[in-house]
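Q: I have a structure open and want to learn to read it. Can we go through it feature by feature?

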Amino acid sequence: MIKPFAEPIYVTRPLLPPIGEFCEELESVWKSQWLTNMLGPSHKKLENKLKKYLKVNHISLFNNGTIALLAACKGLELTGEVITTPFTFAATPHVLHWNRITPVFCDIDPVSMTIDPKKIEALITKKTTGILGVHVYGIPCETGKINRIAREHKLKVIFDAAHAFGTEIDGTGIGNFGDITMFSFHATKLFHTAEGGALTYHNGDLEKILYYLKNFGIKNEEEVETVGINGKMNEIQAALGLCVLKHIDDEWKKRKTIFGIYKSLLGSVPGITVIDIDSMTSIRNSYQYCVIRINGKLFGKSRDEVHMKLRKFNVFARKYFHPLCSEFACYRNLPSADPEKLPVATTVASEALSLPFYGGLSESDAEKICAIILS
Ligand SMILES: *Cc1c(COP(=O)(O)O)cnc(C)c1O
């Protein structure tokens, strides 16, 4: 008889460095008497450290990932229609809508679960200005194919890398593909600043454009250059980021161990697929999520049944990403949102389950979660 967990186990828990380390960082913020507006020392320091960690040439920090993505669309002057995936967090299509752009949902690849390049071209119209791909669960989109399509049709490419902090392809940081890549530093993400985000890019000209966009468009005391927003990361966020970054490799290693347990106990069960990014050659995994797919017919229990069963044992796994964004009331009437046009995404959304996954999860708890799933 397996007993329920005494305390609820959630899908994630934020990486919290020792409070003393944060206080030390805060002392330098206090000394500087500079709390925000991007000129503070913590902001600059975090920018430099992240540039190195992510192996990118240019980075702009933001107050959260959604505003960063909003600014990316505006910075690249996207209009009309942008082709994106329905298998993502709500923020992805929402930033398009906030830019008065119509999201055009494209089906996903059955294995990588990222936007299917084979299905993109059929969705391109005269109004299409860009492609917004998501490295879902940290699995990289087919960046080469997407960039090729974009070049041929003169489209811009943005990648949502909210799940892909530290992901690399053949040693190249994931922030180097497409015109702009967005990272989220929300508390639930591997690296975080409580709330926060960043954009990375190759074209240095974007730096100034994005700077204006996140600071009300202000050029100087006399001139406002463009319709900007308040997207600035503040010094407290940056100070927290500096602390969290010191512990990120340790967290990553712990997650790798937990992943190994899930993989060994669930990996060969008929009807269960453990999404194993490490098995995809030349990719460094972000270990943002540990996701399984459940084929109800083969396993004998559906994803929803497993989800409910875990709840009875005080385990709160999450059905990321169900419902699909194309099923939201605000998008379901779009022609591209028709489920018949999104068969793969519809199936995957009914099978995927994100298991509790964070460095602080004990190995025995991970083993028990597997036992509950299999009981
Ligand atoms: C978390 C997340 C975002 C939004 O990031 P915030 O920093 O919370 O605004 C965007 N896209 C995806 C796929 C996410 O998971």
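A: Start with charge pairs: the count comes to 13 salt bridges. A salt bridge is a side-chain nitrogen of Lys or Arg within 4 Å of a carboxyl oxygen of Asp or Glu. This is a predicted model, where local features need pLDDT of at least 70, side-chain atom pairs count only at pLDDT 80 or more, and totals for chains, interfaces and linings use all residues. Residues are numbered from 1 along each chain as its sequence is written, and side-chain values use heavy atoms, with hydrogens and water left out.

Q: Which residue forms a salt bridge with Lys44?

A: First the general idea. Side chains of opposite charge can pair when their charged atoms come close. Here the partner of Lys44 is Glu47, and their closest N and O atoms are 3.4 Å apart.

Q: Where do Lys44 and Glu47 sit, and how many residues apart are they?

A: An α-helix has 3.6 residues a turn, so residues three or four places apart point the same way. Lys44 and Glu47 are three residues apart in helix α2, so about one helical turn separates them. Helices (H or I, at least four residues) and strands (E, at least two) are DSSP runs, numbered from the N terminus.

Q: Are Lys44 and Glu47 buried or partly exposed?

A: Learn the cut-offs first. Buried means under 20% relative accessible area, exposed means over 50%, and partly exposed lies in between (1.4 Å probe, protein chains only). Lys44 is partly exposed at 46%. Glu47 is buried at 12%.

Q: What does the salt bridge between Glu351 and Arg293 tie together?

A: Their side chains meet at 3.1 Å, N to O. Glu351 lies in helix α11 and Arg293 in strand β13 (residues 290–294), so the pair ties together parts 58 residues apart in sequence. Glu351 is buried, at 13% relative accessible area. Arg293 counts as buried too, at 15%. Elsewhere, salt bridges with shared partners join Arg303, Asp304 and Lys319 into one network.

Q: How many disulfides does a search of the whole structure find?

A: A disulfide is a pair of cysteine sulfur atoms within 2.5 Å. The search finds zero.

Q: How do I read the span of a helix?

A: Compare the span with an expected value. The expected span is 1.5 Å times one less than the number of residues. Helix α8 (residues 248–266) has 19 residues and reaches 26 Å from its first C-alpha to its last, close to the expected 27 Å. Its buried residues include Trp252, Phe259 and Tyr262.

Q: Which peptide bonds can I check for the cis form?

A: Look at omega. The bond from Tyr320 to Phe321 is cis, with omega near 0°. A cis bond also joins His322 and Pro323, with omega about -5°. Phe321 lies in the loop between β14 (315–316) and α11 (343–351). Pro323 is found in the loop between β14 and α11.

Q: Which residues have a positive phi without being a glycine?

A: Arg100 is one of them, with phi of about 60°. Tyr137 also has a phi of about 60°. Arg100 is in the loop between α4 (91–98) and β4 (102–105), and Tyr137 is in the loop between β5 (128–134) and α5 (143–153). Now compare their cover. Arg100 is exposed at 79%, whereas Tyr137 is buried at 1%.

Q: What is Thr143 in contact with?

A: Contact means heavy atoms within 4.5 Å. Leaving aside neighbours within four places in sequence, Thr143 is in contact with His135, Phe159, Ile169 and Phe177. Thr143 is found in helix α5 and is buried, at 9% relative accessibility.

Q: And Lys55: where is its place, and what is in contact with it?

A: Lys55 is in the loop between α2 and β2 (58–62). At 41% relative accessibility, Lys55 is partly exposed. Beyond neighbours within four places in sequence, its contacts are Leu50, Glu168, Gly171, Gly173 and Asn176.
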